[in-house]
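Me: I would like to learn how to read a model of this kind, feature by feature. Could you take me through one?

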Amino acid sequence: MSGTDGTTDARMTPAPAPTRSNRGRVTTAYLLTCAAIGVAGGVMLWGAGWISTVLFATVPFISVAIAGLWLLPATVALRLLERPLAGILVGVISGLVVFPFLGAAVWWAFFAELAFLVGLYRSWRTWQYYAGAVFVGVVYPIFAAASFNLTAMQPWALVTFFALTIASCVAGVALGILVADRLRKAGVAKLARRRPTLV
């Protein structure tokens, strides 16, 4: 509507709709954040992977003490971004960086994401991270039973082995949550996050 002076009334002018470039910036921020976490995680897992390989060849029982580190990159991504498949994407990127261990990186990232996937990504509660850690801490020794020769272990050793694996996974997730929360408080990845606060 025009005013008496022939100018357009600004109050009647509809607000411009969000442009594709604005939405694209969020997507770009998300991908760049995942890439940064993935590369940093891959560098860490490169060292962890080779240390684990050496320990497995010499003292396999102790090698699971650092298993939880494999959950760390995906946990950071999920906690910081709260977006579906962020953990898997970071796991793939980490795996590409630490290519000989690509399968392991994606495998562990899947279990970091599993508790949220089962809930269809409707909630992002802290206990879900720990539920995934406990679950993979139980599942991993079972899947790797032949490699670790679990059937030959004494009952006390078997219980200790499972307890050590679970404790390592819980510690890895706790560290990932701590790192992500510190990054969020520092204002990192604001555009990439699903929402501004964590549940």
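Me: What should the 12 residues of α4 span at 1.5 Å a residue, and how far apart are its end C-alpha atoms?

Reply: The expected span of a helix is 1.5 Å times one less than its number of residues, where helices (H or I, at least four residues) and strands (E, at least two) are DSSP runs, numbered from the N terminus. For the 12 residues of α4 the expectation is 16 Å, and because its end C-alpha atoms are 17 Å apart, the two agree. Likewise, the 18 residues of α6 should span 26 Å, and its end C-alpha atoms are 26 Å apart, which agrees.

Me: Before I go further, what kind of model is this, and how are its residues numbered?

Reply: This is a predicted model, in which local features need pLDDT of at least 70 and side-chain atom pairs count only at pLDDT 80 or more, while totals for chains, interfaces and linings use all residues. Residues are numbered from 1 along each chain as its sequence is written, and side-chain values use heavy atoms, with hydrogens and water left out.

Me: What pLDDT does the protein chain average?

Reply: The pLDDT is the predictor's confidence in each residue, from 0 to 100; the protein chain averages 86, and 84% of the residues score at least 70. Over residues 1-13 the pLDDT is below 50, and this stretch has 7 contacts (heavy atoms within 4.5 Å) beyond near neighbours in sequence. Residues 15-25 also have a pLDDT below 50, with 1 contact beyond near neighbours in sequence.

Me: How many helices and strands are there in the protein chain?

Reply: The protein chain has 8 helices and 0 strands. Of its contacts with a separation of 6 or more, 76% are between residues 24 or more positions apart.

Me: Which residues have the most contacts inside the largest nonpolar core?

Reply: In soluble globular proteins, nonpolar side chains tend to be buried together. A nonpolar core is a set of buried Ala, Val, Leu, Ile, Met, Phe, Trp, Tyr and Cys residues joined through side-chain atoms within 4.5 Å, and buried means under 20% relative accessible area, exposed over 50%, partly exposed in between (1.4 Å probe, protein chains only). Here the largest such core has 39 residues, and Leu71, Leu78, Leu81, Trp108 and Tyr129 have the most contacts inside it. At least two residues of this core come from each of α1 (20-58), α3, α4 (86-97), α5 (102-118), α6 (126-143) and α8 (155-185). Another core, of 7 residues, lies apart from it, and includes Val64, Phe148, Met153 and Phe161.

Me: Which residues of α6 are buried, and what covers them?

Reply: The buried residues of α6 are Gln128, Tyr129, Gly132, Ala133, Val136, Gly137, Val139 and Pro141, and their cover includes α3, α5, α7 (145-148) and α8.

Me: Is Thr75 buried or exposed?

Reply: Thr75, which lies in helix α3 (residues 72-81), counts as buried because its relative accessibility is 2%. Its side chain reaches the backbone oxygen of Leu71 at 2.7 Å. Not counting residues up to four places away in sequence, Thr75 touches Ala112, Tyr129, Val173, Gly176 and Ile177.

Me: What is the relative accessible area of Trp50?

Reply: Trp50, found in helix α1, is partly exposed, with a relative accessible area of 41%. Trp50 and Pro100 are 50 residues apart in sequence and 9.8 Å apart in space, C-alpha to C-alpha.

Notes
A polar contact is a pair of N or O atoms within 3.5 Å; within protein, one must be able to donate a hydrogen and the other to accept it, and residues adjacent in sequence count only if both atoms are side-chain atoms.
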